[in-house]
Amino acid sequence: LEQLHEARGPVDTEEAEKFSLHAGTETTVNNNGEAATYPQFLAHDPRLALFGFTPENLSMLLLPMLVNQKEALGSMGNDTPLACLSEHDPLIYEYFKQLFAQVTNPPIDPLRERIVMSLACPIGPEANVLEPSPLQAHRLWLSQPILSLNDILLFRRLQSPLPSSKMSTLRTSQVYTWRSRLLEASFTLYPGIRPMDLGGLMREALEALCVAAEKVVRDEGVSIIIISDRRLSKDTVPVPSLLALGAVHQHLLKVDLRMKVGLVVESGDAREVHHFCTLLSFGADAICPYMVFETLQRLRSEGMLTSSGVDVEKVSDEGFFKNYVKAVGSGILKVMAKMGISTLQSYKAAQIFEAVGLAQEVVDMCFTGTVSRIAGAGFDVLAEEVCSRHANAFGKLHAIYGASIESPLEVALDSVPGNSPFSRNTGLYHWRSGGERHMNDPVTIAKLQAASHNNNREIFRQFSESADEQARHCTLRGQFDFCFAEEPISVDLVEPATEIVKKFATGAMSLGSISPETHSTLAKVMNAIGGRSNTGEGGELPERYLNPSLCSSIKQVASARFGVNSSYLAHAEMLQIKMAQGAKPGEGGELPGYKVTAEIARLRHSVPGVGLISPPPHHDIYSIEDLAQLIYDLKAANPVAVVSVKLVSEVGVGVIASGVAKAHAAHIIVSGHDGGTGASSWTGIKNAGLPWELGIAETHQVLVNNHTRSKVVLQADGQIRTARDVVIAAILGADEFAMSTAPLIVLGCTMMRKCHLNTCPVGICTQDPVLRKKFAGLPEHLINYFFLLAEDVRRLLAQLGFTRLNDLTGRTELLRVGNILIG
């Protein structure tokens, strides 16, 4: 790329800034020819709201990448709606969930095995690989796929032929003579447009884009196509970059032209690691996130990014660009590593995602071959979402039978100095009033704590109603209704609550991620009611596992083997092999150094104050046969313990579970994507894994078809907290039910999401001795919760006409689709 810069003449920073200024000014132009003006302040730039930028994702995601060269950490998992259920116009990227490897072909460790991984990749026309020739070398090599503003201007220059004055006999590569074409993905809103017509406009724009792409490759011999969403105005709406790219990529594949051209994406909506991964996985060769870099420049020029005493060079535009590229590169490597892929060349166009809630028409045109088990949003919904953001950005309301009109809301906002559409925080990461829904909202938390602390059934009923209402707007299970029996039975005939609570377990939360007080309280409660608590991957101290009332019956064996020794294994009722974790599948556990106290260091055989990151794979498990060997070894260490294997929901998890059952595991956990975590990157928390509803149903059915269902106990895990959740999980195939977030809330958690910072204000997820004193959770409160939950389960069983919870397993005829919200 540097050589191409030299041949085409260097693009200096001043030229790039002028181009950005001109492009930003053009956004204010409409078809009526109004004068163009550049937004005076960054917050008034309509493109920010249009492309989904908010103060929250700027401060929580982008700034840590610019300053620390790595992704920001989060905690407590994802409790927001699936994209297909969101009421706040999600970007198209959010409809896709990352796939990952578990057991066979395991993930790579992107930290310890970095030497075998690479982001370097050639782009452009590719010669026939079956005919070796010097032409194979005529490609443009990029060290990484993120392009700067200067780089994208260089590619734009390729639209003009190389001047003869710059021709040189020393330049023998055909790359110097490549030509590019700019294809702008957008559609125009005309007077009188109806909402039902928006999908058609978007589809027509995509079809025209595909025809143009084929024409420039076939007729003009273009080597690089630049797909850009810069063309926008008050009356012009950009097509989402991923849709435009996917449509062009799939069309060129169908007409056998894809190998003759490189696809470069100039995107305003791409900014997060997940965005770049989806673009690369669906066909992009390189990406320029121009809005990120232009926003960075404006932040610096307006004095919102300053040196703060650090090296001035590190806070220059170039320094921030390098930091951002390094952070994105590390994130892409981590996502690639989840599937055991070591080079970007192997990851490109591999489509290693599952779509959740996209209509088949969208998948067929833009993401052909991508797994999509849940239909939903078609072009009409996607177009409405982008037009809604467009209307919000430009202060317009698109009338049903007329031209767009000024939004009264925007007029009101304009009267407030410093206010703008950008300043509206949707609360995607932290709950905000009027923002995105969260399953753990303040009302639900307050009701749960009040009910469990007072052992009050009426308040618990209110909690269940609130939680189930949130689940209806956030989850797949919320789209189901029960088929109750015509003649319900008496609750007195249903098995007692004391038997139901034995099917409950607490999730795997390590001593380290949560405080010793919290960890021991969970164990004490589960031992008292006959359920099971879990050590997590941090091990357990002898003074705990030698005490029958304080020991955790489930001892976890994770990839780092923290705390695992013969005595630890011998004192377990269940030995759980953690292959993946719902909140961050394909990644290892992470414990920041400030949470590694002397006690935890002694338990984990480590050093106090040094952060601990578990490897994503078990380095002794590379096949189902290796897992079978570990299961055998654990049984040899403790013949009376049940051996369990923890998996995470994704397409194909049923086949993996079938292999696990044949490897003689007696217990299988299927975790959902919305499970909690003490610390993980937001990319993993928000975008990896699938709902447990899909995983449990698939696993149960595959095990039944393989005649191994009766050999294993199946457990569901992930944001389960009401009787409705428990019963739906049972109907879909679960025998047991693990809960983590709800028990922590009962013990005092207020969802501050500061677990990874060691600053939990209620002493639950901290190792700070001062904050630990604030822990006020009592075992009695948690016991109350489990029995209130069990009594609600009994009432539902009676309404369904069943006396035992296990009788519901797999009885899917007891569910029907309700007034579905998807799409």
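Select Glu266 and Cys288: glutamate 266 stands opposite cysteine 288, which lies in β10. The model you have open is predicted.

**The parallel sheet**

Strand β9 covers residues 262-267, and four bridges join it to β10. The two run parallel.

The four strands form an open sheet in the order β5-β7-β9-β10, and the pairing is parallel. Colour the edges next: β5 (180-184) and β10 (286-289). Each has a single partner strand, so one side of each is left without a neighbour in the sheet. Neighbouring strands are turned by 20 degrees against each other on average, direction ignored.

Show helix α5, residues 149-157. The helix packs on this sheet and touches β5, β7 (224-228), β9 and β10. The direction of α5 makes about 125 degrees with that of β7.

**The mixed sheet**

Move to β2, β11 and β12. These three strands form an open sheet in the order β2-β11-β12, with mixed pairing. The edge strands are β2 (96-98) and β12 (371-377), and each pairs on one side only. From one strand to the next, the twist averages 25 degrees.

Zoom in on β2 and β11 (residues 353-358). Three bridges pair them in the antiparallel sense. Pick Lys97 here: lysine 97 stands opposite glutamate 354 in β11.

Then select helix α8, residues 273-281. Helix α8 lies across β2 and β11 and runs at about 100 degrees to β11.

**Between the domains**

Zoom out and colour by domain. The domain assignment gives domain 1 as 1-70 + 100-162 + 173-394. Domain 2 is 443-817. Their centres, taken over C-alpha atoms, are separated by 39 Å.

Where do they meet? Select the contacts: 25 residues of domain 1 are in contact with 34 residues of domain 2. About 2,400 Å² is buried between the two domains, and carbon and sulfur atoms give 65% of that area.

**The annotated span**

Select residues 438-802. UniProt lists this span as "domain: Glutamate synthase", in an unreviewed entry. The C-alpha atoms at its ends lie 32 Å apart. The span is 41% helix and 13% strand.

Inside this range, pick strand β18, residues 554-557. Ile554 and Gln556 point one way, Lys555 and Val557 the other. All four side chains belong to buried residues. Glutamine 556 has glutamine 576 of β19 as its bridge partner.

**Last stop: helix α26**

Select residues 723-732, helix α26. How many of its ten residues are buried? Ten of the ten are, so the helix is largely enclosed by the rest of the structure. Step on to glycine 733, which follows α26. The phi of glycine 733 is positive, near 135 degrees.

Definitions and conventions: Residues numbered from 1 in each chain as written. Predicted model: local features only at pLDDT ≥ 70, side-chain atom pairs only at ≥ 80, totals over all residues. Heavy atoms only, no water. UniProt positions renumbered as here; feature names shortened; annotations may be inferred. Buried < 20%, exposed > 50% of the residue type's maximum accessible area, 1.4 Å probe, protein only. Pairing = 2+ DSSP bridges. Axes fitted to C-alpha atoms, helices over the stretch in contact; angles between N-to-C directions. Contact = heavy atoms within 4.5 Å. Domains from an automatic or database assignment. Buried area = accessible area lost by both parts, 1.4 Å probe.
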